[in-house]
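Visitor: Could you take me slowly through the salt bridges of this protein, and show me which parts of the chain they connect and how open their partners are to the outside?

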Amino acid sequence: MKLINKDSSRNGNLLSDKKSLSVYIHIPFCRKRCGYCDFNTYAGLEHLLEKYVDCVLQEIAIFSQLYNSDHVVQTVYFGGGTPTIMPVQFFTKIINAISNYFPVAEVREMSSEGNPTELNADYLSGLYDTGINRLSIGVQTSIKKELEILGRSQNPEDVLRAVMNARNAGFNNISLDLIYGIPTQTLRTFELSVELALSLKPQHLSIYGLSLESSTPLAQKIENGYIPEVDEDLAGDMYEWVMDRMHMVHFKQYEISNWALEDPDVDFRSFHNLQYWKNQDYLGIGAGAHSFIENRRWSNTKLIQDYIESITNGKPYLDFGHTAIAEHKLLSKMDIVKETMMMGLRLTEEGINTEDFEERFSLKIEDAYYNQIRKLMALELIEYKSVNQSKVLRLTKRGRMVGNHVFLEFI
């Protein structure tokens, strides 16, 4: 798809000199909060949605004054929460604001997360017309008992209906999210959930191990003995099984938890998330959203009411940002190096391109991490490979199983 604004229509040939920017829009509204969720989301505050969107538009305008001269937007992602709790016209307002305030060339990807229960035929048709060209649907599991444990309100039939509606609306890039390591989940029930997801013929699958924060209702139920603990060894077996299964059905694992359908004509990887994993510039808009541009990292205040109050009544700082920014840090070169190592090693195929690393940081990767690399190679957790005639450092299959332990070596 292509969005044209005044900059790209008259000076499209100049946009190639600008840095790539990904824009994340956080919609922290849910009709019901899931028991395992520790994201910045809130239920029962839909009456604030219109004011919130007005503030999102204002924040886009504020940051355009800082970054529209040297960046061009290439991906947009609506996350949450439940973005599809919004009326379609709110998507249109936000997309138009990005197009009006930032240089926008060929936008490769505009994604929205969606709850299966929200995705009826009329809504999805309208959403597709806004320019959203990629849909990420939260499936998690197809087993009713496991859905109940997670606190999900959907039924497996809702997922089938949502995917059918999305196809009919025109979406041909659909990602499904699944979780393994759910309490009471067996290898067989996990396999059934994966096979059902594959039967829907998605272009992308995100399959994550359940991660529980102590503050979540599910974690507290486990602690109090109402629900059995997660079986970590079984979760490892599930991950190993799904790596082999995805390979058999021609889904390429390009990141620790993400698989894209192999297609000779279309690259179905998530380009917005690749911007994160390559530690490149992204702008987060909305309550609790995080940003990283050049050597700055910052995050907004989390509470919806505080965010609205700060944007509505606060004055923008023309040197940097606005009063809704809760945390701000200038990163050193080595801060960025460490984050680039940790994020880049998540890319199971590409890994970290050693030439790109040296060009970006004026530093050879082995000069920075000689001991760590030798240690992890001896343990057969990382390896050097030639990919597209470039030398890359990446995880081995064994290393993917213990990725977090590998990453800690570079922090």
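**The salt bridges, pair by pair**

Guide: Glu350 is partly exposed, since its relative accessible area is 26%, and this class covers whatever lies between buried (under 20%) and exposed (over 50%), judged with a 1.4 Å probe on protein chains only. The model is a predicted one, in which local features need pLDDT of at least 70 and side-chain atom pairs pLDDT 80 or more, while totals for chains, interfaces and linings use all residues. Residues are numbered from 1 along each chain as its sequence is written, and side-chain values use heavy atoms, without hydrogens or water.

The partner of Glu350 is Arg269, and the closest N and O atoms of this salt bridge are 2.5 Å apart. Arg269 sits in the loop between strand E10 (258-261) and helix H10 (271-277), and Glu350 in the loop between helix H12 (333-344) and strand E15 (352-353), so that the bridge links distant parts of the chain, 81 residues apart; helices (H or I, at least four residues) and strands (E, at least two) are DSSP runs numbered from the N terminus. The rule for such a bridge asks for a side-chain nitrogen of Lys or Arg within 4 Å of a carboxyl oxygen of Asp or Glu, and by that rule the structure has 18 salt bridges.

A second pair to look for is Asp244 with Lys397, whose side chains meet at 2.6 Å, N to O. Here too distant parts of the chain are linked, with Asp244 in helix H9 (residues 232-248) and Lys397 in helix H15 (residues 397-401), 153 residues apart. Asp244, at 37% relative accessibility, counts as partly exposed, and Lys397 is placed in the class of partly exposed residues by its relative accessible area of 39%.

Helix H15 also holds Arg398, which is paired with Glu380 in the loop between helix H14 (365-378) and strand E16 (382-387), 18 residues apart, a pair that again links distant parts of the chain. The side chains of Arg398 and Glu380 form their salt bridge at 4.0 Å, N to O. Glu380 counts as exposed, because its relative accessible area is 51%.

Finally, some salt bridges share partners, and in this way Asp267, Arg269, Lys278 and Glu350 are joined into one network. If you return to the picture with this in mind, you can find Arg269 and Glu350, the pair set at 2.5 Å, as two members of that network.
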